[in-house]
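Here is a short report for a reader new to this structure. Please look at the sequence and the model first, then read on.

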Amino acid sequence: ILRKIIKLHPAQELYVSSVNAKTYNRELIFTIVGSEFFRKGGLEVLSAFDKLIQEKYPIKLNIISLLKITQDDLFIGESDKKSALATINRYPGSINYYPFLPNNKVIEIFKNSHIGLLPSHRETYGYSALEAMACGIPVVSTKKGAFGIDAQHQREVLIADSPAKFANHVVSLFRNKDLHLKLSQNARRLV
C-alpha cells in the first residue's frame, strides 16, 4: 500500500523572488503565527522573550494569534491567557500583538522578519513554517512544528525539542549570518 501513497503538499506561493542576506540594523525580528498560541509553544516563547528583553537583547517579537484556548489545552487556562497578555502589554515597543490579520498582512510581517518560530507541542501541518520559508526567512521549530514538511535539520530548518537547544539555534542564527542565509535560501528552494 505504501507504494501507492503519494504525499502531496499544499500549494505554496513563493513570496520573494530571491533571498539575500538580511541586515540586522538595530534588532532581530521574530514572528510566531497561529490561532492556537498555547499549542504552538507561544507561552514558552513569551517566557524566553520576557527574559531576553529584560536583559536588553536587541529583539522584537511579532505575535499573530487569537490566543485561543482549546479543549486539548489540558493544562492551560484563562490565568495563562491573562499572564500572556500581561507580558505582551509590558513590552509595547518590543512585542507586537495582532489577534487577527488578513493573510497578505501576515506575509508582509514575515517578509520583514528575520526568523520564524514554530515550537509547537502538537501540529497537523506546519503551514506557518511553510509561509515563513516562502518569505525567505529561516524557521526554528520543534519536530512537531515542522510536521509534514520535508525539511531537514540544518539544511532548511533548525529543529530543537528543548528550550535550551531552541535558544542555542536562535543565537546561532543571530551570530552566524552565513547560516542564516543558507537556511533561508534552502528553505525557499524547498517550498
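## The cavity

Strand S4 (115-118) and helix H4 each supply at least two residues of the lining of the largest cavity. This is a predicted model. The space in the largest cavity is about 30 Å³. The count of cavities of 30 Å³ or more comes to 1.

Which residues line the largest cavity? They are Thr31, Phe110, Gly116, Leu117, Leu118, Ser128, Ala129, Ala132 and Val139. By class, 6 are nonpolar and 3 are polar. The lining of the largest cavity has no charged residues.

## The largest pocket

The largest pocket holds about 680 Å³ of space. Its lining has 28 residues. Nearest its centre lie Ala48, Pro163, Phe166, Ala167 and Val170.

Which elements supply at least two residues each to this lining? They are strand S1 (28-33), helix H1 (42-54) and helix H5 (163-175). H5 gives the most, with 7 residues. By class, the lining of the largest pocket has 18 nonpolar, 5 polar and 5 charged residues.

## The second largest pocket

About 270 Å³ of space lies in the second largest pocket. It is lined by 19 residues. Val33, Gly34, Ser35, Ile64 and Val106 are the closest to its centre.

Helix H3 (103-111) and helix H4 (127-134) are the elements that give two or more residues to this lining. The largest share comes from H4, with 3 residues. The lining of the second largest pocket divides into 10 nonpolar, 6 polar and 3 charged residues.

## Helix H5

Helix H5 has 13 residues. From its first C-alpha to its last it reaches 18 Å, close to the 18 Å expected at 1.5 Å a residue.

Which residues of H5 are buried? They are Phe166, His169, Val170 and Leu173. These residues lie on the same side of H5, because they cover an arc of only 95° around the axis. The face turned away from that buried side carries the exposed residues Ala164, Lys165, Asn168 and Arg175. A general rule fits here. An α-helix has 3.6 residues a turn, so residues three or four places apart point the same way.

## Helix H2

Helix H2 covers residues 78-90 and has 13 residues. Its reach from first C-alpha to last is 18 Å, close to the 18 Å expected at 1.5 Å a residue.

Ala84, Thr87 and Ile88 are buried in H2. They cover an arc of only 100° around the axis, so they sit on the same side of H2. Which exposed residues does the face turned away from the buried side carry? They are Glu78, Ser79, Lys82 and Asn89.

## Aromatic pairs

How many aromatic pairs does a search of the whole structure find? The search finds 2. Phe30 and Phe49 form an edge-to-face pair, at 5.1 Å centre to centre and 80° between the planes. This pair links distant parts of the chain. Phe30 is in strand S1 and Phe49 is in helix H1, 19 residues apart. Phe30 counts as buried because its relative accessibility is 2%. Phe49 is also buried, with a relative accessible area of 6%.

At 1% relative accessibility, Phe37 counts as buried. Phe38 counts as buried at 3%.

## Positive phi angles

Lys56 is not a glycine, yet it has a positive phi of about 70°. Where is Lys56 found? It is in the loop between H1 and strand S2 (59-64). Is Lys56 buried or exposed? Lys56 counts as exposed, because its relative accessibility is 71% and the cut-off for exposed is over 50%.

Gln154 also has a positive phi, near 70°, and is a residue other than glycine. Its place is in the loop between strand S5 (139-141) and strand S6 (158-159). Gln154 is partly exposed, with a relative accessible area of 45%.

Key
Residues are numbered from 1 along each chain as its sequence is written. This is a predicted model: local features need pLDDT of at least 70, side-chain atom pairs count only at pLDDT 80 or more; totals for chains, interfaces and linings use all residues. Side-chain values use heavy atoms; hydrogens and water are left out. On a 1 Å grid over the protein atoms alone, a cavity is a set of points where a 1.4 Å probe fits but cannot get out, and a pocket is an open set with protein on both sides within 12 Å along at least five of seven lines; lining residues have an atom within 4 Å of a point. Grid points are joined across faces, edges and corners, and a volume is the space filled by probe spheres set on the points. Helices (H or I, at least four residues) and strands (E, at least two) are DSSP runs, numbered from the N terminus. Ala, Val, Leu, Ile, Met, Phe, Trp, Tyr, Cys and Pro count as nonpolar, Asp, Glu, Lys and Arg as charged, and the others, Gly among them, as polar. Rings of Phe, Tyr and Trp (its six-membered ring) pair if their centres lie within 6.5 Å; planes under 30 degrees apart count as stacked, over 60 as edge-to-face and the rest as tilted. Buried means under 20% relative accessible area, exposed over 50%, partly exposed in between (1.4 Å probe, protein chains only). The expected span of a helix is 1.5 Å times one less than its number of residues. The arc is that of the directions from the helix axis to the C-beta atoms.
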